[in-house]
Amino acid sequence: MGRLAFRLLPVLALGLLLATPARAADPELVIGVLLPMSGDVATYGEESWNGVKIAEKEIRAKDPAFAFKLVLNDEQSKREQVGPQTKQLIENHGASIVLGSVASSQTMQAAIVCKEAGIPLLTHASTNDTLTEDVAKYGKDVYRVCFKDSFQGTMLGRFAWNSLKAKKAVSLIDKGQAYSVGLAAQFEKEFVRLGGTVTTEYYTSTDKDYTTLVQKVGGLAPEVILISGYYPQAGPMIRLGKTAWKGMPVIGGDGLDSPDLLPLAGETDAKIYFTSHFVATDADPLVQDFVKKYQDAYEGKDPGAMAALGYDGLWAIYHAAKKAAAARGAEKVRPADLSAAFVGLEFTGVTGKILIGADRSPRKAVVVVQASGAFQFVEKIQPE
Amino acid sequence: MTRPTLLLAARSALALGFFYVVARLLTGDAGSGGTLLDYLVIGTSQGAIYAFIALGYTMVYGIIRLINFAHGEIFMAGAFAGYFVLRDGGLERLDLPQPWPVVLAYLAAVLAGALVSGVLAVLAEALCYRPIRSSGRIAALLTAVGLSLLLQNVARQWPAIGPTQRPWPDPLVWTTLADVPSPADAHYYELRTFPASGGGTVQREKLAVAKGATLAPAVRTRLEAGGDRPLYRKGSIEPRTVNRVIVLLLAVCTGVLWFLVQRTRMGRAMRAVSEDTAAAQLMGVNVNRVVAATFFLGAVLAGVGGVAYCTRYGQVDPLTGFMPGLKAFIAAVLGGIGSIPGAVVGGLLLGIVENLFGAYVSTQWKDALAFVVLVGILLVRPTGLLGKARREKV
């Protein structure tokens with residue numbers, strides 16, 4: 001008997017081997033996730049991925065029949081890594097859709113690769129307008145679950161004018177980042193329309209030495225300073241501005257929303273405000289529910305906006321896939337069907353009500369956050 | 001007036017102006033506005049950092065005619081050593097009157113940075129440069145570039161360091177319960193408790209006293225009952241103070257270096273090897289030891305500079321040494337590569353010129369300017385400001 005079992009063992013093993021590909025042949029949706037897990041803006045990648053993982057767990061619990069797989073690639077916050085990493089997601093892993101990335105300039109590169117492959121791209125966090133507007137360059141299969149800079153920048157301008165009562169602004173721009181240029185332009189447009197004046201100064205993210213710039217800006221004595229860019233540059237600038245920028249509020253967009261902002265800024269009396277998608281101190285029950293889930297999963301840490309956006313991003317893909325599957329009936333959902341399903345997609349996420357319009361972007365509320373000791377909720381502005 | 005008199009007058013005027021700036025840096029509140037003096041002051045402290053690194057370039061070049069391009073990474077290693085000491089050393093919680101704990105913490109960080117950089121450079125010299133010392137200058141130069149990339153990538157892959165930039169541990173100034181914060185004092189905002197016995201790991205209680213608020217009496221009673229000694233975090237070090245300390249450090253370090261090179265046996269051996277290696281060897285100088293000592297001294301300065309640089313800019317990452325390393329190389333060439341006073345003058349000058357250019361012309365082109373200076377100096381005066389024209393013997 002024992003011998004027979006031993007003889008049967010290879011047969012059984014072979015059977016198992018044969019059975020495995022049969023399961024893989026099921027229409028499993030491969031979702032390629034492209035994030036900066038290391039490098040300059042690594043906290044964005046980490047937070048986004050944490051959010052995505054919470055959504056993954058919930059989707060698997062809610063709908064076990066929905067077969068999907070997540071493949072994460074790290075673009076290392078380097079532009080030259082985006083192309084190869086995106087290609088790898090599509091060609092080696094067979095991704096039907098790419099989720100990511102964060103920095104607009106990176107997502108633009110990914111969008112070009114996706115366009116060539118005919119794969120839709122959903123960015124959870126890239127706010128630059130041209131990404132969905134320049135169809136010739138980035139294709140018509142680019143979607144997002146976040147607001148655009150034309151909205152964020154306008155609100156920032158109004159906040160500076162109305163709430164901070166500032167009339168004279170200095171805006172700091174990194175020409176190497178599409179996000180930085182776009183956001184500052186929108187801010188300036190609105191701030192000048194309201195009657196303010198804006199002086200522009202430039203910085204580069206390769207140069208870590210902002211002493212001269214900070215002094216120069218301090219010498220201009222503005223009533224508000226816009227740092228249009230990301231936290232790895234904004235943090236040290238605020239630190240260096242400890243005395244030179246005394247009494248001048250610093251504002252920025254969602255690029256400042258990172259747990260590393262305040263440690264980088266060091267001990268400071270500066271009034272720092274930024275616009276974002278989500279803040280953990282928002283009393284909204286939906287937000288608080290997500291904060292609890294996140295804290296349970298990640299050692300009591302508070303989720304940042306990127307975590308919430310990553311979470312909403314994966315849910316958006318789930319809803320779109322279900323919608324596409326319903327439209328296709330029994331047939332396999334193709335990337336094109338998935339893409340089509342995003343238009344008009346509507347659901348409530350933790351970053352607010354998401355309705356993806358014909359411009360492939362949702363119209364969402366912007367949250368104003370004050371960073372002093374921790375991130376404090378200031379106000380929420382709904383789109384008109 | 002004759003030409004030498006004019007030159008002397010110009011030099012004296014420059015030196016006087018420079019001393020004035022340094023004096024203002026050390027005494028006044030310059031460095032916080034947007035005036036010419038402020039830019040001069042900031043340029044001086046930035047130039048001091050370039051000088052710290054440039055000294056290593058120039059000493060190594062002086063002795064074995066090698067541009068050690070891995071020097072920027074040695075600087076980065078020193079910065080990381082300082083980072084770990086400041087973050088995990090816990091020296092700032094020593095029970096001493098303020099500001100001694102902070103001073104000690106920083107002293108330890110600077111020493112650790114100097115030591116780690118020094119040891120790393122000696123290792124690099126023994127393992128990479130010594131075996132190929134006789135293989136010509138191009139081989140050595142390529143080795144240096146390779147070593148620079150290797151160190152960068154090892155740092156990126158090493159879990160304790162990693163590829164992401166880290167916020168520099170804030171200089172913590174702690175104060176005890178004896179002077180409980182008053183609501184008027186805006187600086188107190190975070191509370192951490194330490195075991196009364198001292199020792200052990202730092203216990204962090206998340207009380208996060210709001211900025212400007214006092215600690216609730218009930219909480220304080222509870223903490224005291226538990227045997228904990230509450231410490232309040234007070235402000236951090238002002239950028240102005242950091243600027244001053246950097247310039248003072250440079251003055252002290254160059255003084256010590258001058259003494260070592262001019263007044264000690266090892267220094268004499270260094271000068272001898274620099275002048276003529278073969279002859280020095282014939283006279284009984286242990287060239288290997290002298291070269292190792294040169295690498296060590298240069299790297300110690302880079303380590304000090306690394307800690308100073310990161311304290312100033314508030315972050316550290318594996319690429320930290322790249323730009324300052326390149327700029328310091330330019331400073332060394334500007335001052336005359338191989339000349340120790342040249343490195344200091346070149347560093348300070350580059351720092352000041354860069355800052356003035358950034359302030360009055362364009363911050364965007366500031367980096368490019370340094371490289372224009374490099375090209376310019378190589379075209380006009382390849383030996384640098386203080387370099388001696390050396391006849392190359394073929």
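This is a predicted model: local features need pLDDT of at least 70, side-chain atom pairs count only at pLDDT 80 or more; totals for chains, interfaces and linings use all residues.
Visitor: Why is A:Lys353 called partly exposed?
Guide: Buried takes 20 or more C-beta neighbours within 10 Å, and exposed takes 12 or fewer. A:Lys353 has 14 inside that 10 Å, so the residue counts as partly exposed. You'll find A:Lys353 in strand 12 (residues 352-355) of chain A.

Visitor: What makes helix 7 and helix 8 of chain B roughly perpendicular?
Guide: Their axes cross at roughly 75 degrees and come within 5 Å. The label covers 65 to 115 degrees, and therefore helix 7 of chain B and helix 8 of chain B get it.

Visitor: Which residues meet where helix 7 of chain B touches helix 8 of chain B?
Guide: From helix 7 of chain B come B:Leu260, B:Val261, B:Gln262 and B:Arg263, and they meet B:Met266, B:Gly267, B:Met270 and B:Arg271 of helix 8 of chain B. That contact splits into four nonpolar, two polar and two charged residues.

Visitor: How confident is the predictor about chain A, and which element has the lowest mean pLDDT?
Guide: The mean pLDDT of chain A is 88, with 92% of its residues at 70 or more. Helix 1 (residues 2-24) of chain A has the lowest mean among the chain's elements, 48, while strand 8 (residues 224-228) of chain A has the highest, 96.

Notes: Residues are numbered from 1 along each chain as its sequence is written. Chains are lettered from A and ligands numbered from 1 in the order in which they are written. Helices (H or I, at least four residues) and strands (E, at least two) are DSSP runs, numbered from the N terminus. pLDDT is the predictor's confidence in each residue, from 0 to 100. Axes are lines fitted to C-alpha atoms, for helices over the stretch in contact, and angles run from 0 to 180 degrees between N-to-C directions. Angles under 35 degrees count as roughly parallel, over 145 as roughly antiparallel, 65 to 115 as roughly perpendicular and the rest as oblique. Two residues are in contact if their C-beta atoms, placed from the backbone, lie within 7 Å. Ala, Val, Leu, Ile, Met, Phe, Trp, Tyr, Cys and Pro count as nonpolar, Asp, Glu, Lys and Arg as charged, and the others, Gly among them, as polar.
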